[in-house]
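Please look over the sequence and the model below before reading on.

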Amino acid sequence: MSERAATVRLWGSTFAALLARDARVLGRQGGQFVVRTVLQPLLFVFAYVFPKIGQGLRGGASGASFSTVLVPGLIAVAINFQGIQAVALPLVQEFSYSKEIEDRVLAPIPVWMVGFEKIVAGVVQSMLAAAAVFPIVYLVHAKGAAPTVHIHDWPLFLTALLFASFLGSALGLFIGTVIDPRKITLLFAVVVIPLTFLGCVYYPWATLAPIKWLQYLVLANPLVYMSEGLRASLTPQLPHMADWAFLLALVGGSIVLGTVSVRTFTRRVVT
């Protein structure tokens with residue numbers, strides 16, 4: 001075996017070992033993962049409580065139930081939330097009081113691969129979160145408010161799911177690398193909550209047309225493309241962004257933000 005092949009094999013086995021370690025930690029914290037994944041209180045308010053008390057909402061001119069609009073958006077929220085939380089919060093701890101990052105970078109792989117492994121681990125958790133949330137948001141609703149949802153285009157659905165998970169995890173790596181540990185409590189107030197309410201979770205992007213400035217402003221929000229990508233494959237009967245637009249944003253954003261976040265992580269570690 002050549003020296004280069006031996007090096008690649010060593011890197012691969014080390015990368016797999018780091019992933020296995022993160023999977024073991026996730027297994028030990030399975031209860032926490034389930035709680036933070038499946039608790040979607042807004043689902044019960046909009047799809048269950050509101051119809052029960054006579055305050056049901058409609059999905060717009062199409063006449064679709066609001067729960068139909070909500071399903072793709074809540075799956076996107078779960079993916080984004082899990083990607084950020086699964087990567088950013090542990091990373092902040094590793095850079096601050098636990099200093100665990102020092103042990104990780106001693107692994108016989110380049111530093112950038114340590115950062116990339118964290119993104120991959122986040123992708124796995126995000127996809128698990130999507131798998132857990134999908135049946136809940138599909139089945140939990142008031143009588144007569146069932147969503148009209150099924151996977152119309154499997155390749156499009158899986159592509160949107162994969163790159164939405166990657167984009168959310170890359171965002172988590174970037175945030176976890178640059179944020180001041182003392183300000184981590186601001187993460188959800190300043191980042192996650194605004195992203196959610198302006199992420200086309202509760203309405204299709206096309207319905208913002210009467211407010212043009214806001215329709216263009218929210219294009220800076222990655223959650224918009226996650227929601228629209230899942231909406232196009234799960235509820236194509238509703239208005240949604242053109243396939244090429246959200247795919248370009250998801251794939252291109254994953255590559256750009258992934259590269260930037262890994263480089264930022266590497267610079268912080270080596271300096």
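How many salt bridges does the structure hold? The structure holds 3 of them, a salt bridge being a side-chain nitrogen of Lys or Arg within 4 Å of a carboxyl oxygen of Asp or Glu. This is a predicted model, in which local features need pLDDT of at least 70 and side-chain atom pairs count only at pLDDT 80 or more, while totals for chains, interfaces and linings use all residues. Residues are numbered from 1 along each chain as its sequence is written, and side-chain values use heavy atoms, with hydrogens and water left out.

One of these salt bridges joins the side chains of R21 and D22, with a distance of 3.6 Å from N to O. R21 is partly exposed at 35% relative accessible area, whereas D22 counts as buried at 16%; here buried means under 20% relative accessible area, exposed means over 50%, and partly exposed lies in between, with a 1.4 Å probe and protein chains only. Another salt bridge pairs E94 with K118, whose closest N and O atoms are 3.0 Å apart. This pair links distant parts of the chain, since E94 belongs to helix α4 (residues 66-95) and K118 to helix α6 (residues 111-139), 24 residues apart. Both ends are shielded, as E94 is buried with a relative accessible area of 5% and K118 is buried with 7%.

A further salt bridge is formed by R231 and E228, with the closest N and O atoms 2.8 Å apart. Both residues lie in helix α10, 3 residues apart, about one turn of the helix, and E228 counts as buried because its relative accessible area is 0%. Helix α10 itself covers residues 222-234. The side chain of E228 also has a polar atom 2.6 Å from the backbone nitrogen of M241, within the limit for a polar contact, which is a pair of N or O atoms within 3.5 Å; within protein, one must be able to donate a hydrogen and the other to accept it, and residues adjacent in sequence count only if both atoms are side-chain atoms. Leaving aside neighbours within four places in sequence, E228 is in contact (heavy atoms within 4.5 Å) with C200, P204, W205, P239, H240, M241 and F246.

Turning to the fold, the chain has 11 helices and 0 strands, where helices (H or I, at least four residues) and strands (E, at least two) are DSSP runs numbered from the N terminus. Of the 271 residues in the chain, 46% are buried. Among contacts between residues at least 6 apart in sequence, 80% join residues at least 24 apart.

What does the interior look like in terms of nonpolar cores? A nonpolar core is a set of buried Ala, Val, Leu, Ile, Met, Phe, Trp, Tyr and Cys residues joined through side-chain atoms within 4.5 Å. The largest such core has 38 residues, and I75 and L230 touch the most other members. The elements giving two or more residues to this core are α4, α6, α7 (154-178), α10 and α11 (243-270), and α4 gives the most, with 9 residues. I75 touches A130, V133, F134, V137, L230 and L234, not counting residues up to four places away in sequence. Apart from this core lies another, of 18 residues, among them I109, V111, F166 and F265.

T177, in helix α7, is counted as buried because its relative accessible area is 3%. Not counting residues up to four places away in sequence, T177 touches L91, F95, T264, F265 and R268. T177 and V269 are 92 residues apart in sequence, yet their C-alpha atoms are 9.3 Å apart in space. Within its own stretch of chain, the side chain of T177 places a polar atom 2.7 Å from the backbone oxygen of L173.

I193 is found in helix α8 (residues 186-197) and counts as partly exposed, at 45% relative accessibility.
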